Amino acid sequence: MSPIMNSSCVETLLQYHPSQQQQQQPKDENSSVLFFDSNLLQKQGEVPKEFLWSLGDMVSTTQEELKEPLIDLGIMKNNDEEAIAIAAKHVREACLKHGFFQVINHGVDQNLIHDAYNETDTIFKLPLSKKMTAKRKPGGVSGYSGAHADRYSSKLPWKETFSFQYNYQNSSNTQVIDYFKSVLGEEHQQTGWVYEKYCEAMKRLSLVITELLAISLGVDRLHYKSFFEDGDSIMRCNYYPTCKSCSLTLGTGSHTDPTSLTILHQDQVGGLEVFIDNKWLGVRPRPEALVINIGDTFMALSNGRYKSCMHRALVNAERERRSLVFFLCPRKDKTIRPPNNLLTKKQPRKYPDFTWSNLFEFTQNHYRTDSATLQSFFHWHCSSSTMPSNF
Ligand SMILES: O=C(O)CCC(=O)C(=O)O
């Protein structure tokens, strides 16, 4: 995050076209672009107005923690039927209520997680001019973004992100390595290699979790696994600099994930919160665990049974924070439709057919994700007339 300029004055940290004051609408891609420098910004006592959130957004945490189940995934490897049935029951209860649980014994090497954080540090410590060579393109998902200031003018998140796409083909994939080399240069081959391995591990794990979700929903165990096998997933590294007035801003604003399933590792600082029963509850950082949550697309695939729950990330005055997030997504052109045995007289079809490509396009170009993304998407999609008349 940084202006391409050298001043310590808050006013000069931000440059934008004064006519842009939209709250939720993405910026027009021809409008002037705002850059900011986290190094300079985190030294300021004052939070620039572009980073201020409303009182409603800032409703404070209750200091209570979410009591999400901690699922031992070793049972899936051992195929322990009895233990799987118990785990599926816990997953079902959590997903019917809020869609969050954590997994341990997930099979992802702790050294790989450690290396992925090291590479995150490497990326975000690069000079701004270098990070800008990998700047996310309008409408795209891959690349560097400072506070999403290229997309929005207000309620900016106090963070930098680096995202890229991942679609597993085989174990000799080099797509992530190639991506890093192409945007940051040959010297970033190692970073690409670590994330290639990390994404491979995430994809493998996500398919195991889809089996558990299928069992918990009472559908064919392999139903979702085969649906997601050839998917186009997204990986995002989040870096939240310290903020002296952290009660005035957010690292990630409240939203539900439009994607299908999220696998998140957070460092030990804490700050991830989930909105349940009108309260913000903290998700305890557990170094050995991964946080799983249901996204909007999986909510649709479960015919609305499993919840895609609103969450956000706070920033910290003393400690910078990092998180690694893998978003499982289907192949772009696949139709999102729940399995037949989730459609009953009592629970008829809740959402019309759509493709991940349609929803993705909506969130990239037309809508800033919040708690109403899916409903707004159907509205928009119906009015833009391409929605199939299957509902
Ligand atoms: O960093 C976190 O804990 C949450 C990140 C998140 O929700 C996101 O990147 O969509």
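Reader: How many helices and strands does the chain have?

Author: Helices (H or I, at least four residues) and strands (E, at least two) are DSSP runs, numbered from the N terminus. By that reading, the chain has twelve helices and 14 strands. The model is predicted: local features need pLDDT of at least 70, side-chain atom pairs count only at pLDDT 80 or more, and totals for chains, interfaces and linings use all residues. Residues are numbered from 1 along each chain as its sequence is written.

Reader: Which strands form the open sheet, and in what order?

Author: Two strands pair if DSSP finds at least two bridges between them. Here eight strands make an open sheet with mixed pairing, in the order β1-β2-β10-β7-β12-β5-β4-β3. Its edge strands, β1 (70-72) and β3, each pair on one side only. As an example of a pairing, β2 (residues 100-104) and β10 (residues 290-294) are antiparallel over four bridges, and F101 has I292 in β10 as its bridge partner.

Reader: Which residues of helix α7 are buried?

Author: A residue is buried if 20 or more other C-beta atoms lie within 10 Å of its own, exposed if 12 or fewer, and partly exposed in between, with C-beta atoms placed from the backbone. In α7 (residues 175-184), the buried residues are V176, Y179, F180, V183 and L184. Because they cover an arc of only 95° around the axis, they lie on the same side of α7; the arc is that of the directions from the helix axis to the C-beta atoms. Just after α7, G185 adopts a positive phi of about 105°.

Reader: Why does K89 count as partly exposed?

Author: K89 belongs to helix α4 (residues 81-97). It counts as partly exposed because it has 13 C-beta neighbours inside 10 Å. For the chain as a whole, 43% of the 391 residues count as buried.

Reader: Which residues surround the ligand?

Author: A residue is near a molecule if its C-beta atom, placed from the backbone, lies within 6 Å of it. Around the ligand are R236, N238, T252, D257, L264, Q266, L272, H311, A313, S323 and V325. The elements giving two or more residues to this shell are β5 (233-240), β7 (261-266), β11 (311-313) and β12 (321-328). By class, the shell has four nonpolar, five polar and two charged residues. Here Ala, Val, Leu, Ile, Met, Phe, Trp, Tyr, Cys and Pro count as nonpolar, Asp, Glu, Lys and Arg as charged, and the others, Gly among them, as polar.
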